[in-house]
Amino acid sequence: MDVYADVRAPLLHLANYSVEAFTERLDRHVGEPGFELVLGYDGDVPVGYAYGNSVDSGDRYWKRMAEPLPDGYTDTPVLALKEIGVRTPWRGTGTARRIHDALLAHRAEDRVILMVNPLAGDGKVQALYVSWDYRPVNSQASSPDSPRLTVMARPR
């Protein structure tokens, strides 16, 4: 929780980003199929994290999409990258990519999907995901308190 609070410090005053809201989401996500979390370290210091879980065709994840998905798009499970964050001193060092890649390294799913606020970092966060080969596929609001998010996907 300390790493999350540090990573999201500028946003903690917003309901969807509060530590309490994150704790509730994390508790729910831990119980979902295929949950996995990677915590990155620099020596003994935790510097970032990423976690996700498997999403199959019946998951509510797909039901919130703004536009219909192509036929067959949800036929095979995907890894839903639910959260990724890196503490400020380690941003821009490749740490986020290493944590991301460690999460994907041993997954069975053929694709990974994530949601990003297109305004995060004045668009820099979404541009980073594009540089990692993610492409926009749809949009959704993940919760009533959440802004409209861009849904992005890439092969694992």
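This is a predicted model: local features need pLDDT of at least 70, side-chain atom pairs count only at pLDDT 80 or more; totals for chains, interfaces and linings use all residues.

Trainee: How many helices and strands does the protein have?
Mentor: Five helices and six strands. From the N terminus they run α-α-β-β-α-β-α-β-α-β-β.

Trainee: And what is the radius of gyration?
Mentor: It is 15 Å, close to the 15 Å that the globule rule gives for 156 residues, so the protein is as compact as a globular protein of that length. The C-alpha trace spans about 45 × 35 × 30 Å along its principal axes.

Trainee: On to the sheet. What is the strand order?
Mentor: β1-β2-β3-β4-β6-β5, in an open sheet with mixed pairing. The twist averages 30 degrees from one strand to the next.

Trainee: Which strands stand at the edges?
Mentor: β1 (36-42) and β5 (135-140). Each has a single partner strand, so one side of each lacks a neighbour in the sheet.

Trainee: How many bridges join β4 to β6?
Mentor: Six, and the two strands run antiparallel.

Trainee: What does α4 lie across?
Mentor: β1, β2, β3, β4 and β6. α4 runs at about 150 degrees to β3.

Trainee: Which α4 residues are buried?
Mentor: T95, A96, I99, H100, L103 and L104. The buried residues of α4 pack against β1, β2, β3, β4 and β6.

Trainee: Now the largest nonpolar core. Which members touch the most others?
Mentor: L81, L103, L114, Y129 and Y134, out of 17 residues. The elements that give two or more residues to this core are β3 (78-86), α4 (95-104) and β4 (111-116).

Trainee: What is L103 in contact with, beyond its neighbours within four places in sequence?
Mentor: E36, V38, A50, Y51, G52, L79 and L81.

Trainee: What is in the second core?
Mentor: That separate core has eleven residues, including V55, Y61, L69 and Y73.

Trainee: Last one, S139. Buried or exposed?
Mentor: Buried, because its relative accessibility is 19% and the cut-off is under 20%. S139 is in strand β5.
Trainee: And which residues is S139 in contact with, sequence neighbours aside?
Mentor: Leaving out those within four places, R64, M65, A66, R148, L149, T150 and V151.

Note on methods: Residues are numbered from 1 along each chain as its sequence is written. Side-chain values use heavy atoms; hydrogens and water are left out. A nonpolar core is a set of buried Ala, Val, Leu, Ile, Met, Phe, Trp, Tyr and Cys residues joined through side-chain atoms within 4.5 Å. Buried means under 20% relative accessible area, exposed over 50%, partly exposed in between (1.4 Å probe, protein chains only). Helices (H or I, at least four residues) and strands (E, at least two) are DSSP runs, numbered from the N terminus. Contact means heavy atoms within 4.5 Å. Two strands pair if DSSP finds at least two bridges between them. Axes are lines fitted to C-alpha atoms, for helices over the stretch in contact, and angles run from 0 to 180 degrees between N-to-C directions. The radius of gyration is taken over C-alpha atoms; the globule rule is 2.2 Å times the number of residues to the power 0.38.
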